[in-house]
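Me: I would like to go through some of the labels attached to this structure and ask, for each one, what it rests on. Please set each value against its definition before concluding.

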Amino acid sequence: MLLHPIGNSDETERCHAPRMLTLKHHFPSAATSTLFENHLPTAASDGCRWFGIGIKTLSLKNRVTVEALRTLLANRHPIGNELLATYPEAAIEKPLPLLTEVMMTMPRKLSKLVATDERIFAAHCRASSAAMRDLELFAATPVWDGRFPLCEVTFNVVAAAFDYSFIHLGTEILQSRYLLFNLTFHENEEEWRFLDTAEMVDVSWRVNENYLSYLAAELRGLGHEVTEKILYAFESSDRSLIKRLS
């Protein structure tokens, strides 16, 4: 269940709140294909795991492989290789995204403490997974009623997820990345459909706040005196607040 917004829910304040969660759509192109051909082997070897309720329908229980990722990108079953989603091509006015990338980033200044307390990164991983489960509740699919598409919520995604770090401006950034394939299972019709992420984008600001709420709760469970507002301050304030986690 989604949590209430942190502090004042004023829209202006919301726009200036730090964003730990970002979504990016990748559309079919030569550049995108090259990017993921180079990226997928790294993802599969870097503790990649399956995520989403939809993976149960695909019977994805084993470890993530490059072959399975490529097969899903091609809209085919990673085990039987059969075509998964079909749609009326005449009704599609814009190209469908190849996949949607969701990134959940730990607050930068908090990332510095992982070197002294590895449990903090594990807390981030649990918080990001919980927030992603909230986001999954808004997965939907376009359904065509004549010439006009409707949006039906399906509550499930098929994704590959992995946690990694990178250096940005001299600081190690810790991030969880979720690759949402353009697939969702329509239970009433018992068939695979293409994923509509419009509702997910609309609630991303609240799921962003959920992540900080979950992370704050995880850190309090580790004995750190921290609140959601302190985590906001980690990103929005110029002065260091790391001392508050001592």
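Reply: Let us begin with burial: a residue is buried when its relative accessible area is under 20%, exposed when it is over 50%, and partly exposed in between, with a 1.4 Å probe and protein chains only. The model is a predicted one, in which local features need pLDDT of at least 70 and side-chain atom pairs count only at pLDDT 80 or more, while totals for chains, interfaces and linings use all residues. Residues are numbered from 1 along each chain as its sequence is written, and side-chain values use heavy atoms, with hydrogens and water left out.

Me: Why is D163 called buried?

Reply: The relative accessibility of D163 is 18%, and because the limit for buried is under 20%, D163 counts as buried.

Me: Why is R49 called partly exposed?

Reply: R49 has a relative accessible area of 26%, a value that lies between the limits of 20% and 50%, so the label is partly exposed.

Me: How do you know that C125 is in contact with D163?

Reply: Contact means heavy atoms within 4.5 Å, and, leaving aside neighbours within four places in sequence, C125 is in contact with D163 and S176. C125 itself sits in helix α6 (residues 119–136) and, with a relative accessible area of 15%, is buried.

Me: What are the labels of R193 and E191, which meet in a salt bridge?

Reply: Their side chains come to 2.6 Å, N to O, and the two residues carry separate labels: R193, at 11% relative accessibility, counts as buried, whereas E191, with a relative accessible area of 32%, is partly exposed.

Terms used
Helix = DSSP H or I, 4+ residues; strand = E, 2+ residues; numbered from the N terminus. Salt bridge = Lys/Arg side-chain N within 4 Å of Asp/Glu carboxyl O.
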